[in-house]
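Hello,

Here is the model we talked about handing over. Please open it alongside these notes.

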Amino acid sequence: MRTTVGIIGGGPAGLLLARLLDRAGIDCVVLERRTREYVERRQRAGMLEQGTVHALREAGAAERLDAEGLVHQGIELRFDRERHHIDLPALTGGRTVTIYAQTEIVKDLVALQLADGPPLLFGAEVFAVERPESEAPVVRFLRQGREETLICDWVAGCDGFHGISRDAFPAGAGRSYAHEYPYSWLGVLAQVPPSCEELIYARGERGFALHSMRSPSVSRLYLQVPNGTDAGDWPDERIWDELDARFAIDADWTLNRGPITAKSVTVMRSHVHEPMRHGRLLLAGDAAHIVPPTGAKGLNLAVSDVRVLARALTDVCLSGDAQLLDSYSELCLKRVWQATRFSDDMTKMLHTQPNGDAFDHRMQLARLRRITASRHAAAELAANYAGLPLPL
Ligand code: RFL
Ligand code: PHB
């Protein structure tokens with residue numbers, strides 16, 4: 001097989017890139033190692049910046065998002081048994097965020113691509129990218145037990161944090177910056193209407209908790225847990241009791257309980273690989289960088305990378321203009337580092353340190369109090385949360 005752009009990974013980054021390239025008239029093939037059912041069910045992100053919503057609209061993939069997405073005007077910070085509203089439009093000159101699950105974005109993009117888009121091969125596991133420095137890099141993959149080859153002009157590594165694209169950078173051609181946090185998130189999906197109108201980020205001595213949602217009838221909740229936690233040790237009753245304790249305030253408020261349909265534990269880490277390009281191999285999304293989910297930035301960064309990459313590949317393939325491609329990595333990494341910093345700040349401000357002392361605790365409260373007391377400090381949080389300007 002031969003194609004112009006070989007795309008490794010059929011997550012949001014790979015699928016959106018394929019859609020944008022196809023609309024620009026550039027042929028591509030997406031290789032995804034999992035099944036369609038698996039990628040459409042994988043529970044992850046929920047909060048979309050306005051720039052992400054625009055990008056999906058531009059790609060003609062926002063029909064259901066526009067009909068079903070929940071537009072939010074703010075978030076709530078909870079600490080010391082009090083609630084504080086952060087008004088995003090008032091603090092950012094009118095910007096809002098939208099709640100629409102990553103599972104739904106993936107379903108929408110898969111359906112469009114299978115209907116009339118470029119080839120999307122499920123069950124195709126890439127195990128090597130060869131000669132990325134050459135004019136014709138080769139992607140080798142296994143499908144139905146057989147080894148196959150895809151010869152490309154360009155390769156896009158959109159295969160997430162556990163993918164293989166990063167490994168195709170020769171030793172010395174790149175560098176990773178990594179940090180692991182000393183806690184994880186236990187995430188649950190519950191068939192119960194959300195107990196709030198906007199997302200609640202709660203900090204307390206028992207640990208962090210987040211109340212998010214998927215639709216008017218489905219809640220998504222997270223609890224800070226120690227690293228190494230087994231979701232099996234958390235029966236539903238224990239989860240609801242712990243959520244109740246962490247969201248408790250000195251006002252009338254009840255957490256709705258309902259059947260829990262999914263539970264999983266996510267480790268919290270930051271990881272950035274520089275540069276995002278080696279020869280004709282380009283990384284995008286989680287393959288290049290991941291952030292702890294506290295700032296809700298991962299999917300939004302993947303989408304902003306892909307917007308730049310699609311335009312850069314279009315320029316080079318249609319008119320031989322490599323200017324944007326040559327600055328791809330630098331352009332994206334500026335925003336990536338800002339999102340990494342913001343996610344790290346939010347994470348450290350809201351989670352309890354396993355060995356933290358009374359001083360750490362006071363510092364966290366002082367940071368939160370500053371945000372709720374100063375319009376300036378709140379505006380800084382809001383600008384980052386709603387999303388810093390896009391690179392293009
Ligand atoms: P993905 O989604 O991991 O997709 C990569 C795809 O590549 C495939 N793959 C391979 N295919 C072929 N050959 C190989 N060798 C392959 N190796 C891997 C995989 O099967 C997969 O289908 O990466 P992508 O596309 O870069 O998308 C990134 C996002 O998924 C991620 O950043 C977000 O989910 C992060 N995130 C959030 N981001 C937000 O912007 N807002 C949020 O509210 C938010 N909440 C979250 C999150 C991530 C979470 N977890 C589970 C880490 C909440 C959580 C709990
Ligand atoms: C989610 O809805 O899954 C979600 C929302 C905001 C976050 C993290 C996760 O910060």
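First, the conventions. This is a predicted model, where local features need pLDDT of at least 70, side-chain atom pairs count only at pLDDT 80 or more, and totals for chains, interfaces and linings use all residues. Residues are numbered from 1 along each chain as its sequence is written, chains are lettered from A and ligands numbered from 1 in the order written, and side-chain values use heavy atoms, without hydrogens or water.

Ligand 2

Ligand 2 is surrounded by 13 residues (a heavy atom within 4 Å). Tyr-201, Ser-212, Arg-214, Tyr-222 and Pro-293 are the closest. Strand 13 (199-202), strand 14 (209-215) and strand 15 (218-225) each give at least two shell residues; strands are DSSP E runs of at least two residues, and helices are H or I runs of at least four. Strand 14 has the largest share, with three.

Oxygen atoms of ligand 2 make these polar contacts (N or O pairs within 3.5 Å):
- Ser-212, side-chain N or O atom: 2.6 Å.
- Arg-214, polar side-chain atom: 2.7 Å.
- Arg-44, backbone N or O atom: 3.3 Å.

Alone, ligand 2 exposes 280 Å² (Shrake-Rupley, 1.4 Å probe). The protein buries 97% of that.

Helix 3

Helix 3 spans residues 50-58. Gly-60 follows helix 3, with a positive phi near 70°.

Best wishes

How values were computed
Buried means under 20% relative accessible area, exposed over 50%, partly exposed in between (1.4 Å probe, protein chains only). A polar contact is a pair of N or O atoms within 3.5 Å; within protein, one must be able to donate a hydrogen and the other to accept it, and residues adjacent in sequence count only if both atoms are side-chain atoms.
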